[in-house]
Amino acid sequence: MDIAVAPDLKPHDEIPLDPRYADLRDPYHTPVLPTPLPQPRLLHFNAALAAELGLDTGDQELIEILSGNRPWPAYAPIASVYAGHQFGSWVSQLGDGRALTIAEIRKPDGARVELQLKGAGQTPYSRGADGRAVLRSSIREYLCSEAMHALGIPTTRCLSLVASPEPVQRETVETAAVVCRVAPSFVRFGQFEFFYHRNQHAQLAPLADHVIAENFPHLAGEPDRYARWLEEVIERTARLIAQWQTVGFCHGVMNTDNFSILGLTLDYGPFGFLDAFRQHHVCNHSDYEGRYGYDSQPLIGQWNTSRLLQAALPLLSDNQQIAADIVTSIYERYAPAYSRAAIRRWADKLGLREVRDGDTGLISRLLTILHHGKSDFTRSFRHLSRVRTDTDTPANGVREEICDVAAFDAWIADYRARLRAEQNTDDAARAARMNRVNPKYVLRNHLAQAAIERAMDGDDTEIDTLMQLLSRPYDEQPDRERYADAPPDELRHLEISCSS
Ligand code: AMP
Ligand code: MG
């Protein structure tokens, strides 16, 4: 008999600290105290993540720490400095303008994670902005990072969401909130760019060595560690974006300062999951040129890796030509890594066990049909698992999502033929496999918006409902069927901008 062992949860002050990132010190970051948050109200606490961290959920002092109103014992909070390419333009000075690392702890499994408050007040890098985050964007980050985690997509996580009546001026006056984010590292591409472009090349190695020691320990001490580490970063980035594409996730602000050195989805702003599928969908209404449209994401990811690789040149060789050659060979890994990961995932979504000649064409034909019909991305793929190979009955469900039914019927005939060519053609087994990669529930904008509006009226229950729903995105949840619906017409075009 299995005996479930309750995890050994501890109050925060008994969790071991391990300030490896803080120990890097100046010039990588600056000590800053959080600005206290008036009248904090805990809107949500991620008990599942807390248990993973070994944290006792009944710890009242912890809530004050997560609001920024009390320090984590024996840790001096820090804000990191970085730069970045924003919408393609170089910005030499950014940094954590409103994020503070408030602890680095060892989890019960021995892994080190960092806790970071977002919206905890001004820092030396705030560039005149208020250091706060509004409730609306904090709810979106909180929900989406956990939704991505449950989808199996690498991401920073969120432990807590605290709201306050403190007014915050954006386009209108809103109110403040603070989320506590959790990740093994929040180091961004832009941190390396900062030191490279300021000609502080000696600062690159300690930062890279820290990242390698903590997060790529198999490379630590190896003579060619920087090149091998960069290869892994580039491949992780490619695989991450393949995951975004195949789940219909648009990041919205793929600036290099928002790119994680661990290949995590980082900095949730005006992101969006595709409802109606349009290849060039731009989810960020502040992205006037459509630089970060859905179909541009893979190439933008590649361009971002080129910015990181340029910043890493001094790590690779003192000889500029040799360093450039190494960088070129690393850069060339992105495209095949992306293609491999993407085709594998698209094939999984179609229930194909192996990728054969012609499968790429089958996938792109389907995407073209979805695009022309503005079909719902998530629903269309989910319904595909219902296609039967043993009969030619219409593909119920998915056919209703499609506009160009003639093109779709021709496609379905080819798809069925392709399925029949699989070694094992058991429909039920294939459907089960497909339902583990084609989510039923994603954080559609209108669902997040409903939770935001309710929370603004003082009702947090919808946040909890969505947290529960999105923690099982691949499962049928019959009592929550309506959450799988496409948005009603009037909620299809919610405007989500950079303002947060
Ligand atoms: P983002 O567009 O959220 O990635 O932010 C770009 C940069 O501006 C980051 O360095 C942020 O820390 C900073 N920033 C964004 N909003 C604020 C704010 N309200 N106060 C201070 N800094 C901010
Ligand atoms: Mg950012």
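Reader: In which hand does H6 pass H7?

Author: In this predicted model, the crossing of H6 with H7 is right-handed.

Reader: What describes two packed helices?

Author: The angle between the axes and the distance between them give the description. Here helix H6 (residues 225-247) packs against helix H7 (residues 297-316) at about 170°, and their axes are 10 Å apart. Angles over 145 degrees count as roughly antiparallel, so H6 and H7 are roughly antiparallel to each other.

Reader: Which residues in H6 and H7 meet?

Author: From H6 the list includes Tyr226, Trp229, Leu230, Val233, Ile241 and Trp244. On the H7 side, Pro298, Gly301, Leu308, Leu309 and Ala312 are among them. The residues of this contact between H6 and H7 comprise 14 nonpolar, five polar and no charged.

Reader: Now Tyr75. Where is Tyr75 found, and is Tyr75 buried or exposed?

Author: Tyr75 lies in the loop that runs between helix H2 (60-67) and strand S3 (78-80). Its relative accessible area is 6%. Buried means under 20%, so Tyr75 is buried.

Reader: Leaving aside neighbours within four places in sequence, with which residues is Tyr75 in contact?

Author: Tyr75 touches Leu17, Pro19 and Ala22, and also Thr101, Ile102, Ala103 and Glu104.

Reader: What does the side chain of Tyr75 make with the side chain of Glu104?

Author: The two side chains make a polar contact of 2.5 Å. Tyr75 and Glu104 are 29 residues apart along the chain, and their C-alpha atoms are separated by 8.2 Å.

Notes. Residues numbered from 1 in each chain as written. Chains lettered and ligands numbered in written order. Predicted model: local features only at pLDDT ≥ 70, side-chain atom pairs only at ≥ 80, totals over all residues. Heavy atoms only, no water. Helix = DSSP H or I, 4+ residues; strand = E, 2+ residues; numbered from the N terminus. Buried < 20%, exposed > 50% of the residue type's maximum accessible area, 1.4 Å probe, protein only. Contact = heavy atoms within 4.5 Å. Polar contact = N/O pair within 3.5 Å; in protein donor to acceptor, adjacent residues only side chain to side chain. Axes fitted to C-alpha atoms, helices over the stretch in contact; angles between N-to-C directions. Parallel < 35°, antiparallel > 145°, perpendicular 65-115°, else oblique. Left-handed = near helix turned anticlockwise from the far one by under 90°. Nonpolar A, V, L, I, M, F, W, Y, C, P; charged D, E, K, R; others polar.
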